[in-house]
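Biologist: I have a few quick things to ask about this one. Can you put it up?
Modeller: Here it is.

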Amino acid sequence: MVSPKRYFQEVAHQAKKVRWPDFSTFINAFVVVMVILIIAGLILMFENWTGLQLMNSLKDIFAPIASVGSTASSSVA
């Protein structure tokens, strides 16, 4: 087993080998990721709203049927 000190020394050594992007490359990648996140969020928000509208419409359609069924069952008892 490797000691914690040796492990972190090796991690630091490997981190020095990484070719880190320059600032302009980082900003470009950041903007692309943020645009994709915003578009995905808007799509999910629209799907959520559409599902809510559909569920409310179905509730409005089937509410009279449910009330007729509950009235008939209570009058039988």
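Biologist: How many salt bridges does a search of the whole structure find?
Modeller: The search finds 1 salt bridge, taking a salt bridge as a side-chain nitrogen of Lys or Arg within 4 Å of a carboxyl oxygen of Asp or Glu. This is a predicted model, where local features need pLDDT of at least 70 and side-chain atom pairs count only at pLDDT 80 or more, while totals for chains, interfaces and linings use all residues. Residues are numbered from 1 along each chain as its sequence is written, and side-chain values use heavy atoms, with hydrogens and water left out.

Biologist: Which side chains meet in the salt bridge?
Modeller: R6 and E10, at 3.2 Å from N to O. Both lie in helix α1, which covers residues 4–17, and they sit 4 residues apart, about one turn of the helix. Helices here are DSSP runs of H or I with at least four residues, strands are runs of E with at least two, and both are numbered from the N terminus.

Biologist: Switching to rings. How many aromatic pairs?
Modeller: The count is 4, with rings of Phe, Tyr and Trp (its six-membered ring) pairing if their centres lie within 6.5 Å; planes under 30 degrees apart are stacked, over 60 edge-to-face, and the rest tilted. One of them is F23 with F26, a tilted pair at 6.5 Å centre to centre and 40° between the planes. These two lie 3 residues apart in helix α2, residues 23–76.

Biologist: And which ring is F26 stacked with?
Modeller: F30, at 6.2 Å centre to centre and 25° between the planes. F26 and F30 are 4 residues apart in helix α2, so about one helical turn separates them. F23, F26 and F30 form one aromatic cluster.

Biologist: How exposed is F23?
Modeller: F23 counts as exposed because its relative accessibility is 64%. F26 at 45% is partly exposed, and F30 at 43% is partly exposed.

Biologist: What nonpolar patch do they belong to?
Modeller: One on the surface with about 1000 Å² of accessible area together; its members include F23, F26, F30, M34 and I43. Patches take residues with over 30% relative accessible area and no salt bridge, joining like charges within 9 Å and nonpolar side chains (Val, Leu, Ile, Met, Phe, Trp, Tyr) within 5 Å.

Technical notes:
Buried < 20%, exposed > 50% of the residue type's maximum accessible area, 1.4 Å probe, protein only. Areas by Shrake-Rupley, 256 points an atom, 1.4 Å probe, with all protein chains shown as cover.
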